[in-house]
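Subject: The structure we talked about

Hi there,

Here is the structure I promised to pass on to you. Have a look at it first, then read on with it open beside you.

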Amino acid sequence: MTARRGGFALGVTALVAAVATGSRTLGVVGVGFLLAAGVSWFWAWIVDRPLSLELVVEPHTATEGDRVRVSVDVRRRARLPLGSGVARAIVGGLGDRSCSLRAQGLRLHGAIDLGSLPRGVFAVSETEIVLGDLLGLASVSPRVVCEPATIVVRPRLTALDGLFSDAGRATGDARRMLLRRAAGFDFHSVREYEQGESLRRVHWPTSARRGQLMVRELEDTTHDGVVVLLDCDPRWAVGEPPDSSFDAAVRVAGSIVQAHAVRGRLVTLVPTSGAQTAVPVRSTADLEGAIAALAGVQPDAIGAVSRYLRSDQRWAASGELVVVTGTTDSAAFGEVVALATRRLVSVVWIDAASFAGRPTRAEPGVLRLAAHGLPTAVVRHGDDLASVLSGRPRQAVAGG
């Protein structure tokens, strides 16, 4: 029984008792209860009209670890007083969240504080507004008209001033492979400079002649560029976000993509997740698409990374390849070594055991890569990515 119906029942009971006993006091109480129930019914009938709801995610561009909140702005049609207002919603895998609403005329305002969020994509669904009257006897949940909202929390990338793969190519087999590299980009034409592009692409003679920055329009010759392959095999994903081995791999892949884009190189991000496709990045202006893809990527690959390395897709046929993986599968390391005879290959190996608090050890597959002279970096729990990916710790790889 609702409070309004309870009030109505009490009013009827009090009136019956007043008639039976002749008590004026009980009569007044009964009439009061009936009036309160009637007023609450009329209030609910007026207020129960469709509401217009607007959700605004703050900050608009969130990075893992940021404190995120969803501002709630409700517009109603009736200017009747409210006793209470609550907004509820289900936010992705975070569950049910709510906040109180403050009334200002025909508008209600509030904010759902989600706290510091890990990387991910969180859809805001099943939004509900519950309004209560001043007497506390009635509450209604009007139909809500709302545009769907999605919270995208991007991985926290590391700015790199160098790459371990550059240092690795200076010696041994890697240097000989570099000599077999195809020409890469051919000069095609010039165009106006766009915000965010690398100054290395500026064509200074043309810029001086026209009095504005002009950049070289480069045509991909198919054999240049970089492919960053992110292994999404769930078998090596250890730990809880945002401190898991897979989250570390996502940060590594994103940081490497960003580093090559800043250099003005064509780079393609290829997650092995079934829900993701290859994302080309031709300049820093395209980085947002790759970072957004990394925000939602999950360790849900249905096949081992060795299968992707044997793939006949276009991205697998040419250019430099960077593999980010935590696999211990010997077949995968064998595929990497085989690919290194035809193209430039480097590997970032995530030591998943360290994210589970287990002692680290030398991985035979990583030692095999080092023995073949392949640029290799090892990332363990708590490592500084800027230091590891710069190439300074490469001598330590062979020792695990």
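Below is what I found in it, going from the whole chain to single residues.

Please keep in mind that this is a predicted model.

**The chain as a whole**

There are 12 helices and 19 strands in the chain. Of its 400 residues, 46% count as buried. If you take the contacts with a separation of 6 or more, 69% of them come from residues 24 or more positions apart.

Now look at strand S14 (residues 226–230) and strand S17 (residues 320–325), which pair in the parallel sense over 5 bridges. To find your way along this pair, look for Val-226, which stands opposite Glu-320 in S17.

**Two helices on the sheet**

Which residues of H7 are buried? They are Leu-287, Ala-290, Ile-291, Ala-293, Leu-294 and Ala-295. The cover over these buried residues includes strand S8 (120–132), strand S11 (149–154) and helix H6, as well as S14, S15 and S16.

In H11 (residues 364–371), the buried residues are Gly-365, Val-366 and Leu-369. Seen down the helix axis, the buried residues of H11 fall within an arc of 100 degrees, so they line one face of the helix.

What covers the buried residues of H11? The cover includes helix H9 (330–339), strand S18 (345–350) and strand S19 (376–379). On the face of H11 turned away from its buried side you will find the exposed residues Pro-364 and Ala-371. Just after this helix, Gly-373 takes a positive phi of about 75 degrees.

**A buried aspartate**

Next, please zoom in on Asp-247, which sits in helix H6 (residues 245–262). Is Asp-247 buried or exposed? Its relative accessibility is 3%, so Asp-247 counts as buried; the cut-off for buried is under 20%.

The side chain of Asp-247 makes a polar contact of 2.9 Å with the side chain of Arg-119. Another polar contact, of 2.6 Å, joins the side chains of Asp-247 and Ser-244. Leaving aside residues up to four places away in sequence, Asp-247 touches Arg-119, Pro-241 and Pro-242.

**Cysteines**

How many disulfides does the structure hold? The number is 0. Cys-146, at 29% relative accessibility, counts as partly exposed.

Enjoy exploring it, and write back with any questions.

Best wishes

Notes:
Residues numbered from 1 in each chain as written. Predicted model: local features only at pLDDT ≥ 70, side-chain atom pairs only at ≥ 80, totals over all residues. Heavy atoms only, no water. Buried < 20%, exposed > 50% of the residue type's maximum accessible area, 1.4 Å probe, protein only. Helix = DSSP H or I, 4+ residues; strand = E, 2+ residues; numbered from the N terminus. Arc of directions from axis to C-beta. Contact = heavy atoms within 4.5 Å. Pairing = 2+ DSSP bridges. Polar contact = N/O pair within 3.5 Å; in protein donor to acceptor, adjacent residues only side chain to side chain. Disulfide = S-S within 2.5 Å.
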